[in-house]
Amino acid sequence: MFENLSERLSGVFDRLTKQGALSEDDVKTALREVRVALLEADVSLPVARDFVKAVQEKATGQTVTKSVTPGQQVIKIVHDELVHFLAGDEGDIGALKVDNPPAPILMVGLQGGGKTTTTAKLAKRLQEKNGKRVLMASLDVYRPAAMDQLKVLGDQIGVDTLPIVPGQSPADIAKRAKQQATMGGYDVYMLDTAGRLSIDDALMTEVEEIRNITNPRETLLVVDGLTGQDAVHTAENFDERIGISGVILTRMDGDGRGGAALSMRAVTGKPIKFVGLGEKMDAIEEFHPERIAGRILGMGDIVSLVEKAQETIEAEQAERMMKRFQKGRFNMNDLKMQLEQMLKMGGMEGMMGMMPGMKKMSKQMEGAGIDDKMLKRQIALIQSMTKKERANPQLLQASRKKRIAKGAGLEVSELNKLLKMQRQMADMMKKMGKMGKGGMLKQAMK
Ligand code: GDP
């Protein structure tokens, strides 16, 4: 999903972050490249244009936060705009409406888009993840094989299907499904309608009739994500005629260019609710605009860093600390500040996840029992030290150690670990200070 677009964009942004100060021209050039990348991903021209315009406006209007580079800030703006394009104004897309049992879900779409497969995938999900009892019914009276297909899938995943009665019309089957769902105590019943190769009036009339009979809680359009802008047109058509509540994009596991996902919301105003990621029954995922934007940009580290920097780091304080670190000064006060900062920034895991290449280390630390509780214990130990001791940890000999550990209600061994950590960090700071620009901490705090 989105590999090509992601690659293109990361090239653009790599160049951008490498520069210190950004001129308006730099930003313009970068955004022009973003536009080309979007068009290549089969995003429609008006959408790409609107996107770039929105970013441009925000980028020029915003003052640069002190603790991040202008390039990083532009990436954050692009990211937020991507989320906005993917999610629309309401922000979160939320789950399916399946209250008031039995809740009807109408599945619509063209033939071959993945409708039957997706019906079964969703049914399985609703049953296993949401604990709903689901009944599926195929209304495809034109292709008996389609009815059998749904039954086979149902048997495979343990979801009931409405018994097949040859000769019934789609409207009759819909009525029977409703009845059976009510009598059988089902929470949800899903109607897998017949598709056509292309949109025609007969298809729409039939779906309309079924919609009127069942009054669905959700009308989900299933479209092949590989078809790019065609998928968006199909959604527009269905929405105009039937009124859809959401879209499911299938085949997003393929090397599609992602344009359908990006234009769908902007063009149709309807949310993408799920994406299909393969033929297996579990290959379906909720569509999270934040996550998808992160995947497209491949810059999650920078985005969250800028966010957190804007929220929590006071630039002056960070800079002052930086200077101290570069000189290799790192005492218990610094460590305490770091530990507190880490807690604020979402704890150990959050912090490590943000630094490039630190994810693995975070796992290792977790394995070694280093977690948020430990951060708090360490802070308690430092609090139990005198001012002098904090500034000069070398002072800590056996008796002082005992007193401090006791004060924090912890063992001396724990204090020893803390001291070792402080020494290691002081060493690391010294080395990074020497490394200068390439230093991890400096980059992270910039
Ligand atoms: P329908 O005619 O719309 O009901 O389409 P089907 O459900 O029969 O699906 C057509 C084909 O697409 C089947 O071979 C499915 O296994 C496949 N398919 C459906 N969804 C996905 C998906 O998300 N990824 C991939 N790779 N294949 C899918």
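Predicted model: local features only at pLDDT ≥ 70, side-chain atom pairs only at ≥ 80, totals over all residues.
Let us start at the ligand. Its shell is made up of 18 residues, and the closest of them are Gly114, Lys115, Thr116, Thr117 and Gly276. Sorted by class, this shell holds twelve polar residues, four charged ones and two nonpolar ones. Among the elements of the fold, helix 5, which spans residues 115–128, gives the most to the shell, with three residues.

Now turn to strand 1, residues 103–108. This strand is mostly covered, with six of its six residues buried. In a regular strand, side chains alternate between the two faces of the sheet, so it is worth looking at each side in turn.

Which strands does strand 1 join? One is strand 4 (residues 188–192), which runs parallel to strand 1 and is joined to it by five bridges. The other is strand 5 (residues 218–224), also parallel to strand 1, with four bridges between them.

Finally, have a look at helix 9 (residues 229–241) and helix 10 (residues 259–268), which pack with their axes 8 Å apart and at an angle of about 30°. Because angles under 35 degrees count as roughly parallel, helix 9 is roughly parallel to helix 10. The crossing of helix 9 past helix 10 is right-handed.

Conventions. Residues numbered from 1 in each chain as written. Near = placed C-beta within 6 Å. Helix = DSSP H or I, 4+ residues; strand = E, 2+ residues; numbered from the N terminus. Nonpolar A, V, L, I, M, F, W, Y, C, P; charged D, E, K, R; others polar. Buried ≥ 20, exposed ≤ 12 C-beta atoms within 10 Å, placed from the backbone. Pairing = 2+ DSSP bridges. Axes fitted to C-alpha atoms, helices over the stretch in contact; angles between N-to-C directions. Parallel < 35°, antiparallel > 145°, perpendicular 65-115°, else oblique. Left-handed = near helix turned anticlockwise from the far one by under 90°.
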